[in-house]
Amino acid sequence: MKQQQKKAELIWVVMVPLGIAAALSAFLFGSSGVSIGELFALFGGDAQPSTSIIFFSIRLPRAILALVSGGALGISGACLQGMFKNPMADSYVIGVSAGAALGATVAFAFSTTLAFLGFGAVSLFAFLGALASVMIVYRLAKVSGKVSTFSLLLAGVAVSTLCSALVYCIMILFRDKMEHIVMWTMGSFSSASWNKVVVGVPAMLVASFLCLFFARDLNIMLQGDEAARHLGVDAGKVRRNLLILTTVATACAVSVSGIIGFVGLIVPHIMRLILGPDHRRLLPYSFFGGGIFLLIADTLARVVMENQEIPVGVITALIGVPFFLFLLRRGRSVTR
Amino acid sequence: MSNMVISDINYSYEPPRYALSGVSFEIPTGRFCGIIGPNGSGKSTLLGCISGHLKPERGSVSIGGENVASLSVREIARRMALVQQHASLEYDFTVGDIVLTGRNPYLKRWRSEAKDDYAMMNDALQTAGIVHLKDRLITTLSGGEWQMMILARALCQQADIMLLDEPVTGLDISHQVSIMGTVRRLSAQRGISVVCVLHDLNLALSYCDQIVLLKSGKVFAKGAPQDVLTRENIESVYGTAVHKFEQDGKTFILPIMDV
C-alpha cells in the first residue's frame, strides 16, 4: 500500500502536464486554428474578435463540459465497479444510457420544442429518461425491502433491453429522425454552451464530490455486505446513496453530450492498475483521469477528419477497446 | 458490561415455517458460548438475529440491558465483531489494510486513521500472531492465514462481544486449535463474550463454557458442555449413534461409523 501511495504522488507528475497539454490542444486545435500567441492575447484583451468568439463561446465551454463530464463518468464507473464488485460495471449497466436514449429519441421523434434553463428538449428528455430508468431498475430490484447488487444488475439489463427495443420501434416509425437519433447515441459535445456549463457542471461536480464521501465504505463493502455491517457500514444505504449520486452525475453528462461509452469502464481500470483498489485514491484519480481522457478524445473527434466531426463516443471506443483488450491480455486480473 | 440476553426469538424466512422458534438463553460477560446443531437447525440464523443482521419477528436481543434493535449499525459494530467462514476477496489489499478496517466504527467520515488506530492494528496483528503477514497481499493467503487475519480485524474492533460463524470450517487441525485457542485465551483475559457456531462437537467440548444445542429452530438443550452433549441428546438431535469416551481426563465424541 505504501508503494501505491508513492505511485499516487508520482501520478500527478504525469497527469498535470497531460491535463495542461489536453486543455491547450482543446483551445488551439479545430476547424479554425488558434495560435498560442493569440491565446495569450485573449487574456491581454487585445485579441481578434473572431478569436475571442471561438475561444469564449465555443471552445472553452466545450472543454469544460468534456472535462467535467469525463470526470463524472470516471468517478461514477469507479463507484459502481466497487459497489457491484464487478469490473464490467459502469453507469450504463443500471439503465442510465438506455433510459437517456429513449428520452432523447422521444424528443427527436416528436420534435418537441420544450426548453428549460437553456437545455433543449433532447437534453431534458435524456436527463429525465435516465433518471426514470434507474428509478424503475431500483424499484424492480427491491425485494423484501432489500436491494442486492445481483438483482440490480439483472433489472438494469432487463430495463435497458426494453428501452433499446422501444428506441428501435420509434426509429422505424420515424425514419426521417433516424440519423439524428443514431448520431446522438454516439455522443458529441458539438452543442456545448454556457447554459449547459452553468447548469450541468455544478450538478456533476457536486454529485462527484459527494461520491468521495463513501470511498472508505466502498473499501469495506468489498468484504461483503454482512462483514461491512459488522464494520459499521450499512451497505444497503450506501448503495442507494451512491446510485442516486452516480445517476445524477451520469444523467447530467449524458444530457449534455449524448452517450459516451468506455470512459466509466476503462478509466477506473487504469487507475486501479496503477494505484491499487483503495477507493479513497481511486475515486478522485478516476475523476481527473476521466476528465483528461474525454478532453483529449473530444479534441481528436474535432480534428482527425477535416471539415467533419466524429462522434466522441466513437473516439473513446476506438481508444478504449484496444486498451481494454490489452488489459485483458496482460494476464493480470482487472478486478484487482 | 456485555451480558447478553436472548429472549424468545422467532424468525421465519418463509412464513408460517419458522427457522427459529422461542429461542431464549443468556451469555454472561466473558463466557464462551457454543451454538451447535445439525445443518438447517437455525444456528447461523440465530447468529444473524443476535448480530442485528436479521430482524426477529418476535423476541429481542439485549447487550448490557440495551436492545440491539435500538442501536445504529456503527454502535453495533463497536460492541460486536464478526468472524465469518473463509471467503475469498480478489483485490490487492494487504493484511494490514483489512485489519485496519476494524477501526471503521470509530472513525468519522472524513477522518483518516490516526496513529492510535495503526497502533491498535499492530497490537491486533501481534495478538493474532500474524505480524509477519502485515504487508502480504490478501490474495496470497492460505485459508488458515485468512482466518487469523479476520480474527485480527475483529480484535482491532475492540468489541466486547465476538461472533464466530463456523470459524474453523475447512481448516487443518493446527489452524483449528490455533484459532480456537486464541479466541478462548482472549475471552478469558479480556472478558470478551464469545458466541461461536460450531459443527465440531469435540471443539465445542474443549473450548466452550456453555452450549446451546438447537434442533429444528428450537433450543433442545442448554448449559454446561458435559450436561448438554450427552450421548442421548446428540443421538436424538443428529439421528446418528455416537461413542462418548474419556481419555487423559478429556471427553471425546465420535460417530459410530457404519463401514
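Predicted model: local features only at pLDDT ≥ 70, side-chain atom pairs only at ≥ 80, totals over all residues.
Mentor: In it, chain B puts 22 residues into the contact between the chains, and chain A puts in 21 residues.

Trainee: Which elements of chain B give two or more residues to the side that touches chain A?

Mentor: Those are α2 (73–79) and β6 (80–83) of chain B. By class, the side of chain B that touches chain A has ten nonpolar, seven polar and five charged residues.

Trainee: Now chain B as a whole. How many helices and strands does the secondary structure of chain B come to?

Mentor: Chain B has nine helices and twelve strands.

Trainee: And what makes chain B as compact as a globular protein of that length?

Mentor: Set the two values side by side. The globule rule gives 18 Å for 259 residues, and the radius of gyration of chain B is 19 Å, which is close, so chain B is as compact as a globular protein of that length. Along the principal axes, the C-alpha trace of chain B spans about 55 × 40 × 35 Å, and 44% of its 259 residues count as buried.

Trainee: Take Cys49(B). How do you know whether Cys49(B) counts as buried or exposed?

Mentor: Count its C-beta neighbours. A residue needs 20 or more within 10 Å to be buried. Cys49(B) has 26 inside 10 Å, so Cys49(B) counts as buried.

Trainee: Where does Cys49(B) lie, and what is it in contact with, leaving aside neighbours within four places in sequence?

Mentor: Cys49(B) lies in helix α1 of chain B, residues 43–51. With those neighbours left aside, Cys49(B) is in contact with Ile9(B), Tyr11(B), Leu20(B), Leu54(B), Pro56(B) and Val61(B).

Trainee: Over to chain A, then. Why is α5(A) called roughly antiparallel to α11(A)?

Mentor: Look at the angle. Helix α5 (residues 121–141) and helix α11 (residues 235–257) of chain A pack at about 150°, with their axes 8 Å apart. Angles over 145 degrees count as roughly antiparallel, so α5(A) is roughly antiparallel to α11(A). Their crossing is right-handed.

Trainee: Which residues make that contact, and how do they divide by class?

Mentor: Among them are Phe127(A), Leu131(A) and Tyr138(A) of α5(A), and Leu243(A), Val254(A) and Val256(A) of α11(A). By class, the contact of α5(A) with α11(A) has eleven nonpolar, four polar and no charged residues.

Notes: Residues numbered from 1 in each chain as written. Chains lettered and ligands numbered in written order. Contact = placed C-beta atoms within 7 Å. Nonpolar A, V, L, I, M, F, W, Y, C, P; charged D, E, K, R; others polar. Rg over C-alpha atoms; globule rule 2.2 N^0.38 Å. Buried ≥ 20, exposed ≤ 12 C-beta atoms within 10 Å, placed from the backbone. Axes fitted to C-alpha atoms, helices over the stretch in contact; angles between N-to-C directions. Parallel < 35°, antiparallel > 145°, perpendicular 65-115°, else oblique. Left-handed = near helix turned anticlockwise from the far one by under 90°.
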